[in-house]
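Hi everyone, thanks for coming. Today I'd like to walk you through one structure, so please have a look at it with me.

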Amino acid sequence: MVEMTDRCWASWQYCPKCAGHLEAAGGVGPKRCGRCGAVFYFNPKPTASAVVTRNGRALLVRRARPPFEGYWDLPGGFIEPDEDPIAAVKREVREETGLEIEIVDLLGIFPDRYGEAGEPTLNIHYLARAGTGEARPADDVAGAAWFSPNELPETVAFKNVAQALAAWVRRLNGPAG
Ligand SMILES: [Zn+2]
């Protein structure tokens, strides 16, 4: 369901090119700059993450920064311009944990919101296998640990992370598991 007034989109009031006032068509529809005529669309930012497994356990990282500071999360992050999502998830896992991964399959794609501003995100989750070596948490990660499907934390950082972990558990329990 689309809200009539989106809190995040409503906060976009000025043109990022010329600082003119943005005129809204209403709802989550495009906004047009009254000064330079530029048109802006309210689109989600893509992210790429992975359920990285080893010996039947999934790798979670503890967030060192807001939003959801201190919560367990899947390794991953925002995709850079022109970056392939698979390259993005490999880069993020390497940056956050030092691990190299092999992608097994696409696990699911889940829309969500990010941070206090409620920025829309489109979250691509892969199933992956970890290479050898220990996970070494990087500076934006407060810790890393392997969880079996029946020991997963009750609360994780984002709704889309809970959805990805549920998809992983379903896959393990399903006919293809
Ligand atoms: Zn403008």
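Predicted model: local features only at pLDDT ≥ 70, side-chain atom pairs only at ≥ 80, totals over all residues.

Residues are numbered from 1 along each chain as its sequence is written.

If pLDDT is new to you, it is the predictor's confidence in each residue, from 0 to 100. The chain has a mean pLDDT of 93, with 97% of its residues at 70 or more. Confidence is lowest in helix α1 (residues 7–10), with a mean of 92, and highest in β4, at 98.

Now, how many helices and strands does the chain have? There are 3 helices and 10 strands. These are DSSP runs, numbered from the N terminus: helices are H or I with at least four residues, and strands are E with at least two. Along the sequence, the pattern reads α-β-β-β-β-β-β-β-α-β-β-β-α. The C-alpha atoms fill a box of roughly 60 × 35 × 30 Å along the principal axes.

Let's go inside. Of the 177 residues, 25% count as buried, meaning that 20 or more other C-beta atoms lie within 10 Å of the residue's own; with 12 or fewer a residue is exposed, in between it is partly exposed, and C-beta atoms are placed from the backbone.

The largest nonpolar core has 32 residues. Such a core is a set of buried Ala, Val, Leu, Ile, Met, Phe, Trp, Tyr and Cys residues joined through C-beta atoms within 7 Å. A50, V51, V52 and A164 have the most contacts inside this core. At least two core residues come from each of β4, β5, α2 (85–97), β8, β9 and α3, and β9 gives the most, with 5 residues.

Finally, meet helix α3, residues 159–173. Which residues of α3 are buried? They are N160, V161, A164, L165 and W168. Seen down the helix axis, these buried residues fall within an arc of 140 degrees (taken from the directions from the axis to the C-beta atoms), so they line one face of α3. On the other side, A166 and N173 are exposed. The cover over the buried residues includes β4 (45–54), β5 (57–63), β6 (72–73), β8 (101–114) and β9 (119–130).

Terms used
Expected span 1.5 Å × (residues − 1). Contact = placed C-beta atoms within 7 Å.
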